[in-house]
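Hi everyone, thanks for coming. Please have a look at what I'm putting on the screen, and then I'll walk you through it.

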Amino acid sequence: MRKIKEFVIEKSLLSSALVTIAVTVGIISVLAFEAFSFFQEVSIVDFFTDTQWTPLFTKKHYGILPLLTGTLLTTFIAISVALPIGLSISIYLSEYAPKSFRKTIKPLLELLAAVPTVVYGFFALVVVTPFLQQFIPGLSGFNSLSAGIVMGIMIIPFVSSLSEDALFAVPKALREASYGMGATRLQTAFKVVVPAASSGIIVSIILAISRAIGETMIVAIAAGQQPRLTLDPTVPVETITAYIVQVSLGDVPHGSLEYKTIFAAGITLFAFTFLLNTLSFRIRKKFREKYD
Amino acid sequence: MNVIMTENTENLNTEDKIAEKYKLQTKDVNVFYGDFQAIKEVSMNIKPNSITAFIGPSGCGKSTFLRLFNRMNDYIEDFKMEGKIKIDDTNIYKNKIQLEQLRKQVGMVFQKPNPFPKSIFENVAYGLKIQGIKDKKLIAARVEKALVQADLWNEVKDNLNKSALTLSGGQQQRLCIARTLAVEPSILLMDEPTSALDPISTAKIEELIHQLKKEYTIIIVTHNMQQAARISDYTAFFYMGELIEFDKTKKIFTNPDKKRTENYITGRFG
Amino acid sequence: MTNVQKNRLKDQLFKFWGIGCTLIGLVLLIIFIGGILIDGLSRIDWAFITDLPSRKAEKSGIWTPLMGSVWILVLTAIISFPISVAAGVYLEEYAKKNRLSALLEINISNLAGVPSIIYGLLGLEVFVRIMSLGASVLAGALTLSLLILPIIIVATREAIKAVPSSIRDASYALGASKWQTIWNQVLPASSGGILTGVILALSRAVGETAPLIVVGALAYVPFAPSGPLDQFSVLPIQIFNWISRPQQGFIDNAAAAIIILLLITFVMNGIAVYFRNKWQKKLQ
């Protein structure tokens, strides 16, 4: 009797764990199914080469490139903000800061990531864009610059926290060897500790990029809804995620081609983040083995 | 005044003539970690071109004391030091002294070999590069010289670009010694440099230490009393943060003044 | 200036740069929040909380989206809690080192990195359409439950890992079965850590906007939901809607609603940190 009970419990716990597999299978099949049906109406070559994305206009074009450049542009700006700041924070905290300071500041930094993204969107649109317009006269009310900057601030803790863990894991003996030869903390940090922790730092950067690519509300609010193939950060653009929001807000009947476009856009987005996440998982696995 | 006794240090400041003869002098040194006192009133004088061994049971403060000489304890939080430590008659705990300058002059080899995850060449060149030396020929020459001094050159001269982590433990430790020598210090601190090595590698390092004595003042912390007896000229016995006895090695191991030293040497505790 | 002095100077400069970087994000956040308080605080009164949405900014309240958020919070907690804790227990206590557990592991790590809007697309197709739940609170809560599943699973595993093995051994030594040991010893001992993870995950769910927009949550709902199959809006969507309006009155409304949302988020985070500290002390 007891054995049966134990068996049933184990199997029901297992099935809960299998739900996670079902979610992945569900995501991939839903995206693939709708995207497949989309590509029966739109040529896949056009999808990747057409330079216009106008599914909601009368003259329809289905080129993903403008959405892709919009996504990559905002991501690039965000990483340009988050990477130097986040890395500097992690080096400061692991190599310079007193323990007590480290302990208080880390949860506060995590708070940056806990603020809902719609709030950051508000900052970007209502605070940062008007502020930047004082210095950049041609800056449009919607632009990728302020959306990217604010997104960068949001992902600072993603870079700093993981990188700091990696730096902190570098054996103390290496630092001592470097100090012992008369190196400053700065030299030790950049010539010994950072190279030794490089794989962990790379993982943090990849995850931050993946996070920025998938971020939705900041760009939907502050970057605009005008798909255009440009690298100009001062004009409105549209990201993949913002497009999905735009369509979802409207009244698009199920089964229509417009409905399917959000899945085609979604699978493109998913492919990117999936690749980045898998890559980071691989590196992390390897890196963990190195230190154990 | 051939035998340096702890009593001599009492007059350290007044007798300038004696001071000139010493490479390193400490006077009334106390070390605290928070409320814990790790070193108690230690005074000691060390002669140039000598090998001094620090012995004593674990936790007696011998490593802490050694690490005072290149201010390696400075980064430890709530570390506090009182007293005077002079190298070549300069107080190294004066605020104006530059940490980096001091550490170039006082090299250190650690318990476990700790080569950087870089090539053999880069490891030895590291200390020169951080000083801002850019002359490639000079760097190459100094790297070779240091590797020769550390008795490693013949083993690695064809593989200088290989990762230092591919070397054996004993080779790694000799690389770490070479890395320290390349900076051309005048004092070498060694914190149990052979405790992680096999007997053959240990013998090689001991031989090397003996050769290095000609050019350097060497202080070595060791757990291994035979090692202290084999290689050192002077031996200091520490117990619970106090310097119990400091004398010629021969005297310490044959006829120590203090009972506690004798007990430790003969293996009655420790 | 000698090289040594130059290096020292650089070292000092970097120290200040590092402190600056550490503080800049927080300083900006404080400036942002300060600005929002100035814009929105005067707008908050009891009526703002209890009023229904309106076409006029000054008459609009947040009652329906607030209730929508409460519904979402409660339903998401009910759905995600048992599944994710069970999955965490399985992975930590039962799973053997084989291909299935390796697959589960990489899969959960991947799910944690899937953009939230993709979960919205999943929910739209599966819950809204195939299961015909429509754009209901339940469909939204199911979607968010899947979204926070990996977060709670990871937290559960960490919490269980932190339980000393001596507790397990003592229980087994008394003849308890595996499940009895888990249920009576391991889970109570790790409950603080699990609770922390659940609260943090739920605070994330409360702030989520994109997946619920995709699922079909509305920007304007006249009434608060009274059952799981009712239509709904949530605070973040209401904020989004108000931000998109040109009139200053709505911007002030958005600021006021953001204050309420941040209050909820920060209080939840605070509770989570409180539980974690208390639990960690108990564990030692």
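**Where chains A and C meet**

Let's start with a meeting point: 70 residues of chain A are in contact with 67 residues of chain C. Which element gives the largest share of chain A's side? That is helix α1 (residues 2–39) of chain A, which supplies 17 residues. If we sort the side of chain A that touches chain C by class, we find 47 nonpolar, 19 polar and four charged residues. Do keep in mind that this is a predicted model.

Now to chain C itself. Take the contacts in chain C with a separation of 6 or more: 76% of them link residues 24 or more positions apart.

Next, chain B, and a word on confidence. The average pLDDT of chain B is 88, with 92% of the residues scoring at least 70. Where in chain B is confidence lowest, and where is it highest? The lowest mean, 55, belongs to helix α1 (residues 16–21) of chain B, while strand β8 (residues 217–221) of chain B is highest at 96. Over residues 1–17 of chain B, pLDDT stays under 50, and the model has 19 contacts beyond four places in sequence for that stretch. Where pLDDT is low, the predicted coordinates should not be read in detail.

Notes: Residues numbered from 1 in each chain as written. Chains lettered and ligands numbered in written order. Predicted model: local features only at pLDDT ≥ 70, side-chain atom pairs only at ≥ 80, totals over all residues. pLDDT = per-residue confidence, 0-100. Helix = DSSP H or I, 4+ residues; strand = E, 2+ residues; numbered from the N terminus. Contact = placed C-beta atoms within 7 Å. Nonpolar A, V, L, I, M, F, W, Y, C, P; charged D, E, K, R; others polar.
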